[in-house]
Amino acid sequence: MREETVERPYSRTRILVMLGIILALIMADHLRSPTFAFNSGQGNVETALSQRDETACAPCGAPCPSTRD
């Protein structure tokens, strides 16, 4: 009895390499986008992170209870 082997029409390694390249392109586009800069506080827009007061008691930048009027 003769066994026939079926060749795959694709290479698993080639598919993983192509998916890695696509992921790298998507991440490069995302990291250079104005939306990412805006959300990370680098878009010349005041955000919660850029407005944070270094002298505040709370990590969110809220004033200390004793300094509130």
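## The chain overall

The model is predicted, so local features need pLDDT of at least 70 and side-chain atom pairs count only at 80 or more, while totals for chains, interfaces and linings use all residues. Residues are numbered from 1 along each chain as its sequence is written, and side-chain values use heavy atoms, without hydrogens or water.

The chain has 2 helices and 0 strands (DSSP runs: H or I of at least four residues for helices, E of at least two for strands).

## A greasy patch

On the surface, Y10, I15, L16, L19, I22 and I26 make a nonpolar patch. L19, for one, sits in helix α1, residues 12-31.

## S33 in the loop

S33 lies in the loop between α1 and α2 (34-39). Why is S33 counted as buried? Because its relative accessibility is 17%. Its side chain also reaches the backbone nitrogen of F36, at 3.2 Å.

Methods:
Patch = residues over 30% accessible without salt bridge, like charges linked within 9 Å, V, L, I, M, F, W, Y side chains within 5 Å. Areas by Shrake-Rupley, 256 points an atom, 1.4 Å probe, with all protein chains shown as cover. Salt bridge = Lys/Arg side-chain N within 4 Å of Asp/Glu carboxyl O. Buried < 20%, exposed > 50% of the residue type's maximum accessible area, 1.4 Å probe, protein only. Polar contact = N/O pair within 3.5 Å; in protein donor to acceptor, adjacent residues only side chain to side chain.
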